[in-house]
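Please keep the sequence and the structure in view while reading.

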Amino acid sequence: MSATGRSARRLGAPVAARVQADRATGRPQRIDGRAVEAVRESWLVEDRWWTTTPLRRRYWEVVTACGRDLVVFRDLHDGRWWRQR
């Protein structure tokens with residue numbers, strides 16, 4: 001909570017996602033029940049490797065069958081999936 005009495009809110013905080021992915025490639029096939037129509041982009045983020053809490057994530061920007069653009073990532077340390085937007 002800030003000095004003004006308001007609570008701070010993180011922008012773009014990830015939320016847990018249910019993702020079915022291809023075992024060989026890791027490519028998402030369904031996200032929260034929505035079929036993935038296309039992958040726009042995929043990238044790897046590795047950061048804080050010099051700390052005790054390193055970050056390693058594989059991001060995917062996809063378009064679902066209903067036309068929605070989503071960004072999800074898989075935490076490569078624990079295998080959990082998150083939706084960024």
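## Arg48 and its loop

The side chain of Arg48 reaches the backbone oxygen of Thr53, at a distance of 3.2 Å. As with everything that follows, this is a value from a predicted model. Arg48 is placed in the loop that runs between strand E4 (34-47) and strand E5 (55-64).

How accessible is Arg48? Its relative accessibility is 36%, and Arg48 therefore counts as partly exposed, since that class lies between the limits of 20% for buried and 50% for exposed.

## The sheet

The strands E4 and E5, which stand on either side of the loop of Arg48, belong to an open sheet of seven strands with antiparallel pairing, in the order E1-E7-E6-E5-E4-E3-E2. The edges of this sheet are taken by strand E1 (15-16) and strand E2 (19-21), each of which has a single partner strand, so that one side of each is left without a neighbour in the sheet.

Within the sheet, E4 and E5 pair in the antiparallel sense over 10 bridges. On the facing positions of the strands, Val39 stands opposite Val62 in E5.

## Aromatic pairs

A pair of aromatic rings is described by two quantities, namely the distance of the centres and the angle of the planes. How many aromatic pairs does the structure hold? The count comes to three. The rings of Trp43 and Tyr59 have centres 5.2 Å apart and planes at 5 degrees, and this pair is stacked because its angle falls under 30 degrees. The pair links distant parts of the chain, as Trp43 lies in strand E4 and Tyr59 in strand E5, 16 residues apart. The two residues fall into separate accessibility classes: Trp43, at 28% relative accessibility, counts as partly exposed, whereas Tyr59 is buried, with a relative accessible area of 11%.

Another aromatic pair is formed by Trp49 and Trp50, with 5.4 Å from centre to centre and 90 degrees between the planes, which makes it edge-to-face. Trp49 counts as exposed at 67% relative accessibility, and Trp50 counts as exposed at 57%. Ring pairs also link Trp43, Tyr59 and Phe73 into a cluster.

## Salt bridges

A search of the whole structure finds four salt bridges. One of them joins the side chains of Arg40 and Asp69, at 3.1 Å from N to O. Because Arg40 lies in strand E4 and Asp69 in strand E6, this pair ties together parts that are 29 residues apart in sequence. Arg40 is exposed, with a relative accessible area of 56%, while Asp69 counts as partly exposed at 26% relative accessibility.

The side chains of Arg56 and Glu46 also meet in a salt bridge, at 2.6 Å from N to O. Here Arg56 lies in strand E5 and Glu46 in strand E4, so the pair ties together parts that are 10 residues apart in sequence. At 34% relative accessibility, Arg56 counts as partly exposed. A further salt bridge is made by the side chains of Asp78 and Arg80, at 3.0 Å from N to O; Asp78 is partly exposed, with a relative accessible area of 41%, and Arg80 is partly exposed as well, at 48%.

## Asp75, a buried charge

Asp75 is found in strand E6 (residues 69-75). Why does Asp75 have no salt bridge to Arg57, the nearest side chain of opposite charge? Arg57 is 5.2 Å away from the buried Asp75, and a salt bridge requires the nitrogen to be within 4 Å of the carboxyl oxygen, so the distance is beyond that limit.

The side chain of Asp75 does reach the backbone nitrogen of Asp78, at 3.3 Å. Leaving aside neighbours within four places in sequence, Asp75 is in contact with Arg56, Arg80 and Trp82.

Note on methods
Residues numbered from 1 in each chain as written. Predicted model: local features only at pLDDT ≥ 70, side-chain atom pairs only at ≥ 80, totals over all residues. Heavy atoms only, no water. Helix = DSSP H or I, 4+ residues; strand = E, 2+ residues; numbered from the N terminus. Buried < 20%, exposed > 50% of the residue type's maximum accessible area, 1.4 Å probe, protein only. Lys, Arg positive; Asp, Glu negative; His and termini not counted. Polar contact = N/O pair within 3.5 Å; in protein donor to acceptor, adjacent residues only side chain to side chain. Contact = heavy atoms within 4.5 Å. Pairing = 2+ DSSP bridges. Phe/Tyr/Trp six-rings, centres within 6.5 Å; stacked < 30°, edge-to-face > 60°.
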